[in-house]
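User: I have a structure open and some quick questions. Can we go through them one at a time?

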Amino acid sequence: MSDEKDRLIHEIAAEHHIAVDEAALKKAEEYIEAEEGATNRLAGLLGRFVTAVAVVMSLFHLYAAYAIVPTQQLRMIHVGFVLFLVFLLFPFSRRFRHRVMWWDWIAVMLSLIVIGYGLVGGDDFTDRSTIPSNLDMVFGVILTLLVLEAARRGTGWIMPFICVLFVAYAMLGPHLGQPWTHRGYDISRLVGHMYMTLEGIFGVPVDVSSTLIILFTIYGAFLQLSGAGKFFIDFSFTAMGGKPTGAGRTIVLSSFLLGGPSGSGVATTVTLGTVAYPMLAKAGYSKDAAGGLLAAGGLGAIISPPVLGAAAFLIAEFLKISYLDVILMATIPTCLYYFALFLMVELDARKFGMKQVPFDKAETLWNLTKRFGFHFLSLIAIIVFMLLGFSPVAAVFWATVVAFVTSALHPDCALMSRRQMVLFSVVVIAACLVYSAVRGRFHTDALSWAVPAGALTLVAAAFIRPEWRLWPVKLLKALETGSVSVLNVAATCAAAGIIVGVVTLTGLGLKFSSIVIGYADSLSQGTMSVLSAVGVEATKALVHDVKLLYTAIFTSLIVWIVGLAVPVTASYIICAVIAAPALITLGVQDFAAHMFIFYYAVLSEVSPPTALSPFAAAAITGGDPYKTTLQSWKYTMPAFLVPFVFVLDPAGLGLLLMGSFKALAKASVVDIATVCLTAMFGIAALAGGMQGWLFKRTTRLERWLLILAGLALVYPRAAFDYIGIVLIAIVLVSQKVRRAEPQAATG
């Protein structure tokens with residue numbers, strides 16, 4: 001965990017008079033390191049050098065957000081920065097932590113050489129990708145090994161091992177049996193594809209990492225260093241207190257506010273758990289239940305707009321759609337997810353007789369919002385800028401500017417002193433106006449002159465007025481944190497480019513989809529035989545629906561299994577290229593197939609053996625890690641059946657708001673409202689069935705009826721909706737006629 005996150009936890013804990021268990025926090029930090037990588041803490045001249053490189057990396061990507069940088073150069077420079085910093089900040093193993101060894105420097109120098117070779121080569125370098133020279137092949141093999149090592153340092157052994165398997169598949173194609181066989185590719189062809197084109201290491205994943213992902217991590221760092229995280233938690237504590245459900249509601253709301261800008265599930269879980277677990281314990285939550293709720297809240301960070309997780313940016317790039325459309329598609333599923341969590345919290349309060357927990361409110365909600373509510377402005381700005389027609393890259397760039405400028409509205413939040421901020425802003429605006437007057441119109445190139453002019457003015461002012469010699473520590477820390485935060489994801493994206501490159505070379509995606517569909521076809525034939533035996537007519541539409549259901553189940557299992565081994569981003573990339581084609585072949589819209597895979601890839605956060613969020617929560621609460629994982633499944637499962645709604649029938653696309661603003665404008669509001677309401681009823685029924693409690697404790701029959709009702713209601717067909725409603729009605733009548741029982745469980 002970074003020093004800033006650690007400071008945030010202790011500040012909030014002190015403000016609410018909560019004792020932080022340092023041992024538990026340290027153990028939980030190990031799970032954050034398992035997700036984000038264990039970094040070196042370097043001091044002295046070397047530490048300042050690495051900080052300077054990280055700051056330059058952020059400044060370069062901010063420059064690239066508004067200036068024109070050729071695609072190949074941007075991706076290569078991005079990978080060069082990532083490799084350079086990974087080998088200095090991520091140790092070879094834990095026993096070499098907090099120091100840079102001689103082999104790390106060798107890796108750093110090799111990284112600079114292979115990237116520099118590609119940059120200097122220019123068009124000639126890419127033109128000979130089909131017949132690379134011996135030197136090309138040497139450097140290509142070295143880069144591949146460096147990327148695999150960077151991924152190992154950032155995420156562990158499994159991701160590079162999977163990459164090696166894919167490379168072996170590409171080379172051994174002629175020796176494999178059907179249906180896996182293919183022509184096979186030698187080192188020359190693989191190096192040319194992976195190193196010298198934009199289809200391999202420098203492919204789509206690195207494209208997204210070098211544009212959207214790093215800009216969002218810089219934006220998140222600006223929010224974090226300006227105190228937005230503390231405000232979001234204080235806001236949730238103040239808004240949700242005063243009721244028996246207040247403790248659980250606080251977790252749900254704060255996880256959305258805190259996780260939305262960061263997109264990190266484990267970090268959100270640890271930050272919230274450290275300060276909120278004592279409150280949950282006082283309310284009556286067991287250690288395992290509290291940990292499960294904290295992990296479920298952290299999971300929401302990955303699916304919550306406007307940032308979502310890194311995989312969401314890849315969806316936009318894979319489908320060649322606007323990121324605003326991805327946010328649009330995620331809106332209702334996110335609302336349904338938090339609706340499910342709120343329902344589970346309400347049922348917890350009734351089932352276990354939760355107690356009201358008093359909050360130490362230093363300020364009223366209104367006063368808190370009046371003083372620090374400006375932190376919401378940049379979140380809103382992202383959406384507003386995209387609605388105004390800005391590209392996602394430009395939108396997050398200007399949202400970062402908004403976060404930077406508005407931080408000056410409170411002295412405790414300012415990323416630089418108010419005097420410096422005013423002088424810097426005045427010079428930048430004046431320089432932009434002068435540049436625009438000379439050019440005859442405003443152009444973003446003006447910033448290339450205006451920002452350096454503002455920085456030089458601050459340097460000059462520091463010499464003229466001694467009281468202005470204030471080093472903008474928080475601003476530099478934000479720029480450093482933005483780059484360091486992206487390293488493990490960027491290394492994963494570079495390694496995933498190897499996988500994507502193999503799939504595009506060999507056609508593995510189509511082969512894999514045909515295998516999945518073949519299994520689904522076999523099972524659907526067996527199912528139709530059973531249905532025919534009981535008098536059900538095997539129509540063509542019914543056969544297709546059954547095959548699609550089995551394919552969706554197989555796909556969800558494949559994504560889940562892959563997610564057990566690799567992080568969310570890698571899981572999505574792998575399954576997007578090998579599993580999505582199966583759903584698309586059966587008529588599922590491409591955007592629905594990719595959103596389906598995205599949501600099930602997210603489940604890896606709460607799936608053992610890599611259930612990092614529940615394990616981190618268990619470290620804080622002192623609960624059993626595996627029981628905590630099961631509890632987190634209980635909280636999240638109702639919402640994670642929702643993705644089946646938008647792949648099993650076109651009517652379910654209403655949950656994704658038809659996939660784009662253009663399609664939404666032509667859609668029926670009634671149809672969208674109907675599918676949303678039935679999904680809500682289905683989630684409510686599943687929540688009651690999972691908890692074993694509705695208005696009172698359910699009988700075993702009532703519990704199973706609620707689960708069946710929920711499953712029926714999430715299938716977007718009118719007949720199943722009627723069945724689900726009838727089953728819920730039966731349970732309601734049953735609970736009404738049964739004699740009154742105690743409203744709180746004894747255990």
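User: How far is the sulfur of C676 from the closest cysteine sulfur?
Analyst: The distance is 9.0 Å, and the partner is C335. That is too far for a bond. A disulfide here is a pair of cysteine sulfur atoms within 2.5 Å.

User: How many disulfides does the structure hold?
Analyst: The count is 0 disulfides. Keep in mind that this is a predicted model, where local features need pLDDT of at least 70 and side-chain atom pairs count only at pLDDT 80 or more, while totals for chains, interfaces and linings use all residues. Residues are numbered from 1 along each chain as its sequence is written, and side-chain values use heavy atoms, with hydrogens and water left out.

User: Is C676 buried or exposed?
Analyst: C676 is buried, at 13% relative accessible area. Buried means under 20%, exposed over 50%, and partly exposed in between (1.4 Å probe, protein chains only). C432 is buried too, at 10%.

User: New topic. Which residues of α33 are buried?
Analyst: They are D721, G724, L727, I728, V731 and Q735. These cover an arc of only 130 degrees around the axis, so they sit on the same side of α33. The arc is taken from the directions from the helix axis to the C-beta atoms.

User: What is exposed on the other side of α33?
Analyst: Y722, V733, K736 and V737 are exposed there.

User: What covers the buried residues of α33?
Analyst: The cover includes α31 (669-691) and α32 (700-713). Helices are DSSP runs of H or I with at least four residues, numbered from the N terminus.

User: What span should α33 have?
Analyst: Its 20 residues, 718-737, should span 28 Å at 1.5 Å a residue. The expected span is 1.5 Å times one less than the number of residues. The end C-alpha atoms are 29 Å apart, which agrees.

User: Now the core. Which residues touch the most other members of the largest nonpolar core?
Analyst: Y195, Y323, Y572, F646 and L655 do, in a core of 236 residues. Helix α21 (residues 473-506) gives the most to this core, with 18 residues. A nonpolar core is a set of buried Ala, Val, Leu, Ile, Met, Phe, Trp, Tyr and Cys residues joined through side-chain atoms within 4.5 Å. Another core, of 9 residues, lies apart from that one and includes I728 and V731.

User: Last one. What is T569 in contact with?
Analyst: Leaving aside neighbours within four places in sequence, T569 contacts A310, A311, L314, V489 and C493. Contact means heavy atoms within 4.5 Å. T569 lies in helix α24 (residues 568-578) and is buried, at 10%.

Technical notes
Helix = DSSP H or I, 4+ residues; strand = E, 2+ residues; numbered from the N terminus.
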